[in-house]
Amino acid sequence: MTGQARAGRPNKLLRNLNAKIASIPMILTALVIFVGGTLWTVFYSFTNSKLLPRLSFVGFDQYERLWAAPRWVTAIENLAVYGILSLIFSLVIGFMLAALMDQKIRFENTFRTIFLYPFALSFIVTGLVWQWVLNPDFGIQAVVRSMGWTSFTFNPLYTPEIVIYGILIAALWQGTGLVMCLMLAGLRGIDEDIWKAARVDGIPMWRTYLFIVIPMMRPVFITTIVIIASGIVKVYDLVVAQTSGGPGISSEVPAKYVYDYMFQAQNLGQGFAASTMMLVTVAIIIVPWAYLEFGGGRKRG
């Protein structure tokens with residue numbers, strides 16, 4: 001019987017055969033375009049390519065020039081400040097909004113649409129809107145001064161020391177709504193019996209969220225962090241729309257550095273080296289996520 005049962009079982013390779021055949025074009029596309037393009041970029045980052053790629057190897061010279069460039073160092077510092085604050089505030093504000101929305105408030109659909117609407121806008125539109133809002137001549141500063149507070153000053157986009165925070169404000173306005181929706185979906189997945197048990201035991205609401213609900217939402221938090229982090233690494237549109245990297249180079253970011261060197265300075269080798277460093281950053285984010293989602297899960301199982 002056992003032998004007959006085994007013989008009756010389909011081979012693992014033949015299971016869902018139609019789906020596997022249908023996925024072949026996508027797999028080939030990923031291998032040729034994404035993997036191939038990545039290897040091509042890394043390969044030519046070790047060359048002295050200028051306007052066009054050329055096989056003139058210079059070893060790690062491009063990387064040495066990259067990390068010796070004040071503009072790149074400024075871009076990395078800005079990305080670190082922007083990334084850390086964006087991650088923290090997006091998660092905190094998004095979760096708090098989701099917790100409020102989960103209280104079955106009136107007009108929930110309306111509020112959810114309002115909070116999510118900015119995410120439907122392009123980064124260029126968001127950047128231009130906030131460039132106007134933060135403009136000292138007719139933005140927040142001008143409005144407050146017209147109300148009598150003539151000494152009020154708020155022009156982050158024109159102050160090199162705090163310009164990155166002006167970009168952060170626009171990013172939070174646009175992205176927090178998506179985080180709220182992801183968190184709200186996670187909260188709606190919590191069994192109602194858990195909330196009832198916490199109320200019966202007299203556990204305060206904040207302790208219920210902190211020690212029961214949030215640990216149960218671990219997969220949601222991991223996915224949300226990966227989405228936020230990937231957006232942080234490739235931030236470009238907001239900077240170009242709001243400041244174009246200025247004042248000076250004070251709001252420079254890695255993605256803009258890559259674009260400028262590859263398409264304006266006509267220095268492909270330097271642009272490829274910067275792209276490779278961005279790839280390393282993405283790998284640092286993706287690899288732990290993949291381990292937590294897949295490798296860690298198998299071990300626990």
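## A buried glycine

Gly139 is buried, with a relative accessible area of 6% (buried means under 20% relative accessible area, exposed over 50%, partly exposed in between, using a 1.4 Å probe and protein chains only). This is a predicted model, in which local features need pLDDT of at least 70, side-chain atom pairs count only at pLDDT 80 or more, and totals for chains, interfaces and linings use all residues. Residues are numbered from 1 along each chain as its sequence is written, and side-chain values use heavy atoms, with hydrogens and water left out.

Gly139 sits in the loop between helix H6 (123-133) and helix H7 (140-146). Helices are DSSP runs of H or I with at least four residues, numbered from the N terminus. Leaving aside neighbours within four places in sequence, Gly139 contacts Trp132 and Val133 (contact means heavy atoms within 4.5 Å). Asn155 is 16 residues from Gly139 in sequence, and their C-alpha atoms are 8.9 Å apart.

Helix H8 covers residues 163-188. At 1.5 Å a residue, its 26 residues should span 38 Å, and the end C-alpha atoms are 38 Å apart, which agrees. The expected span is 1.5 Å times one less than the number of residues. H8 bends by about 35 degrees at Gly175. The bend is the angle between axes fitted to the seven residues ending at a residue and the seven starting there.

Two packed helices are described by the angle between their axes and the distance between the axes. Helix H4 (residues 70-101) packs on H8 at about 40 degrees, with axes 6 Å apart. That angle makes H4 oblique to H8 (under 35 degrees counts as roughly parallel, over 145 as roughly antiparallel, 65 to 115 as roughly perpendicular, the rest as oblique). Axes are lines fitted to C-alpha atoms, for helices over the stretch in contact, and angles run from 0 to 180 degrees between N-to-C directions. The crossing of H4 and H8 is right-handed. A crossing is left-handed if the near helix is turned anticlockwise from the far one by less than a right angle, and right-handed if clockwise.

Helix H5 (residues 108-120) also meets H8. Their axes come within 5 Å and cross at roughly 135 degrees. H5 is therefore oblique to H8. The H5 contact residues include Arg112, Phe115 and Phe119, while those of H8 include Trp173, Gly177 and Leu184. H5 passes H8 in a left-handed crossing.

## Around H12 and H13

Ser244 lies in the loop between H12 and H13. Ser244 has a positive phi of about 55 degrees, although it is not a glycine. It is partly exposed, at 47% relative accessible area. Pro247 is in the loop between helix H12 (237-242) and H13. The peptide bond from Gly246 to Pro247 is cis, with omega near -5 degrees.

Lys256 is part of helix H13. Lys256 is buried, with a relative accessible area of 9%. Beyond four places in sequence, Lys256 touches Arg71, Tyr236, Val239, Val240, Ser244 and Gly245. Lys256 and Ser244 are twelve residues apart in sequence, with C-alpha atoms 8.7 Å apart.

## Two further loop residues

Asn267 is in the loop between helix H13 (254-264) and helix H14 (268-300). Asn267 is buried, at 14% relative accessible area. Not counting residues up to four places away, Asn267 touches Ser49, Lys50, Gln62, Tyr261 and Met262.

Phe107 lies in the loop between H4 and H5. Phe107 is exposed, at 54% relative accessible area. Phe107 is not a glycine, yet has a positive phi of about 60 degrees.

How values were computed. Helix = DSSP H or I, 4+ residues; strand = E, 2+ residues; numbered from the N terminus.
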